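Trainee: I have a model to go through and would like a second pair of eyes. Can we start with the terms and then go part by part?

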Amino acid sequence: MIKIDVHKKLRAFDSEMNFHIQCQIKKGELVTLYGESGAGKTSTLRILAGLLKPDKGEITINEASWIDTKNKIFLAPQKRNIGYVFQDYALFPNMSVLQNLEFASGKGQNKKVITELIEMMELGDLQNRKPQTLSGGQQQRVALSRALVRKPDVLLLDEPLAALDYKIRLKLQDYITRIHKEYNLTTILVSHDIGEIMKLSDRVFVLEQGKIVRQGIPSEIFSNQKISGKFKFIGEILKIEPQDVVLIVSVLIQNNVVKVIADKSEMQTLKVGDKVMVASKAFNPILYKIE
Amino acid sequence: MNWAPLLITFKLAFVTTAILLIISVPLAYWMVNTKSRSKPLIETLVSMPLVLPPTVLGFYFLVAFSPGNAFGNWINEWLGLKLVFSFGGLVVASIIYSLPFMVHPIQSGLSILPHSLTEASQVMGKSKWTTLFKVLLPNCKASLLTGIVLAFAHTVGEFGVVLMIGGSIPGRTKVASIAIYDEVEAMNYSAANFYATVLFVITFCILLMVYLINGGYLKRFWK
């Protein structure tokens with residue numbers, strides 16, 4: 001169980017933000033931080049990792065205190081057992097893939113976990129290559145493996161898949177699900193991608209202006225109504241074309257464009273660019289605004 | 001032909017460069033990472049030798065290290081070091097004089113590395129020193145090489161400082177650049193030409209090596 005209750009004054013370009021995050025995360029959960037840029041998602045991860053000091057507050061993890069400003073406790077990042085995947089992956093360019101993983105292991109740590117990770121993440125053929133010779137998806141796999149070498153208590157993923165194309169993203173989502181279960185991790189993910197959040201996470205925290213404004217299971221958070229649909233997909237409206245008495249709405253779902261018929265009254269609140277959920281009750285798909 | 005001035009020059013350059021490397025790496029690392037208010041002051045002091053006439057430095061060294069005053073006397077008595085008109089004095093003066101040539105490349109090399117490398121190493125439980133030596137420095141080898149070579153070449157090319165603090169004592173503090181000056185004054189052009197040619201060729205080769213290595217030409221050649 002992770003308990004977080006921290007305050008910090010954060011300075012953005014021209015404004016100040018009162019960052020105050022309060023939440024609890026159960027062991028073994030995969031939670032997502034969702035929100036606009038500058039809402040404080042990365043800051044939350046950095047405070048957890050000890051890379052950013054809060055002004056006041058506390059963080060306890062499995063009863064151990066990582067931060068407790070009242071009692072002047074601040075555990076250095078080195079002392080927290082954390083796996084962190086950075087947005088730019090932060091692979092060490094001077095080391096091969098294998099050396100990157102070996103560097104991460106602690107003194108006297110069993111090297112078996114490295115062999116295991118290389119096998120699970122399918123890095124065998126790449127292990128002697130330098131990071132700069134790898135593709136984005138391959139680098140991401142290395143970064144993910146490296147973060148797991150120390151068998152961390154908490155895995156922090158800062159938009160790990162944002163820079164990758166759709167197909168590779170799907171594959172890496174599977175890897176994340178697999179390692180999360182395999183190593184019984186508590187994982188905190190920062191993501192913008194609603195589809196990804198729906199697929200991966202148990203719970204989602206929506207951040208606005210440095211505060212958690214909503215939390216819950218993803219399907220509840222991202223849809224206003226409870227829909228008992230036969231199928232649901234998240235997509236984005238690309239085009240709305242009137243045709244006779246109805247409208248034809250083109251929705252981008254993952255990498256497919258789907259055409260849905262809607263009537264004018266349904267479409268009053270929707271415009272091009274909106275994120276929508278396409279759900280079907282019986283046989284006709286209905287669009288629901290989610291963002 | 002008298003080789004002593006050349007030997008002294010290169011001995012001085014080697015010793016100075018070695019000591020500078022030991023000093024400059026932590027100093028550059030500190031300057032990149034510090035949030036201290038004294039940083040601009042330290043940066044200014046490090047850069048001063050770039051703009052100050054060497055004679056100014058030489059003059060202050062003479063005054064400071066002269067056994068005639070308290071500080072120079074203290075060094076002389078307690079450490080047994082006589083820094084005026086000695087090789088030791090040349091080394092100390094050269095270190096300060098060539099400091100920016102070593103510190104600046106290392107500083108800029110370290111500062112362009114993404115900060116996430118340091119942070120990644122930290123969350124893996126690695127200390128600052130391990131991070132510096134295993135992660136940061138190996139990723140700015142070109143800057144290190146540039147720093148080493150510039151400091152070396154600059155020390156070889158010193159004149160004013162070494163003349164003032166060393167006093168041009170043959171076999172002890174007379175370096176090649178001073179020897180050239182002396183030979184020209186004595187109208188002994190062939191000796192001057194000898195020293196000058198050696199210095200020219202060696203410094204040319206050293207700088208050429210740096211550009212070849214840092215430009216990746218050698219790697220291509222070996223392949």
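Mentor: Terms first: helices (H or I, at least four residues) and strands (E, at least two) are DSSP runs, numbered from the N terminus. Two strands pair if DSSP finds at least two bridges between them. This is a predicted model, in which local features need pLDDT of at least 70, side-chain atom pairs count only at pLDDT 80 or more, and totals for chains, interfaces and linings use all residues. Residues are numbered from 1 along each chain as its sequence is written, with chains lettered from A and ligands numbered from 1 in the order in which they are written.

Trainee: OK, which residue takes a positive phi in the hairpin of strand 13 and strand 14 of chain A?

Mentor: A:Gln254, with phi near 50°; two residues sit between the strands there. Strand 13 and strand 14 (residues 256-263) of chain A run antiparallel and are joined by eight bridges. A:Val246 is opposite A:Asp263 of strand 14 of chain A.

Trainee: And how many bridges between strand 12 and strand 13 of chain A?

Mentor: Seven, in the antiparallel sense, between strand 12 (residues 231-243) and strand 13 (residues 246-253) of chain A. A:Ile240 has A:Val249 of strand 13 of chain A as its bridge partner. These two strands also form a hairpin with two residues between them, and A:Asp244 in the turn has a positive phi of about 50°.

Trainee: Switching to chain B. How many helices and strands?

Mentor: Twelve helices and zero strands. The C-alpha trace of chain B spans about 65 × 55 × 30 Å along its principal axes.

Trainee: How many residues of chain A are in contact with chain B?

Mentor: 16 residues of chain A, against 15 of chain B; contact means C-beta atoms, placed from the backbone, within 7 Å. On the chain A side, strand 7 (82-85) and helix 2 (97-104) are the elements that give two or more residues.

Trainee: Which residues have the most contacts inside the largest nonpolar core?

Mentor: A:Tyr84 and A:Leu156, in a core of 119 residues. Such a core is a set of buried Ala, Val, Leu, Ile, Met, Phe, Trp, Tyr and Cys residues joined through C-beta atoms within 7 Å. Helix 5 (residues 87-111) of chain B gives the most to this core, with ten residues.

Trainee: What does A:Tyr84 touch?

Mentor: Beyond its neighbours within four places in sequence, A:Tyr84 is in contact with A:Ala49, A:Ala147, A:Leu156, B:Ala120 and B:Val123.

Definitions and conventions:
Contact = placed C-beta atoms within 7 Å. Buried ≥ 20, exposed ≤ 12 C-beta atoms within 10 Å, placed from the backbone.
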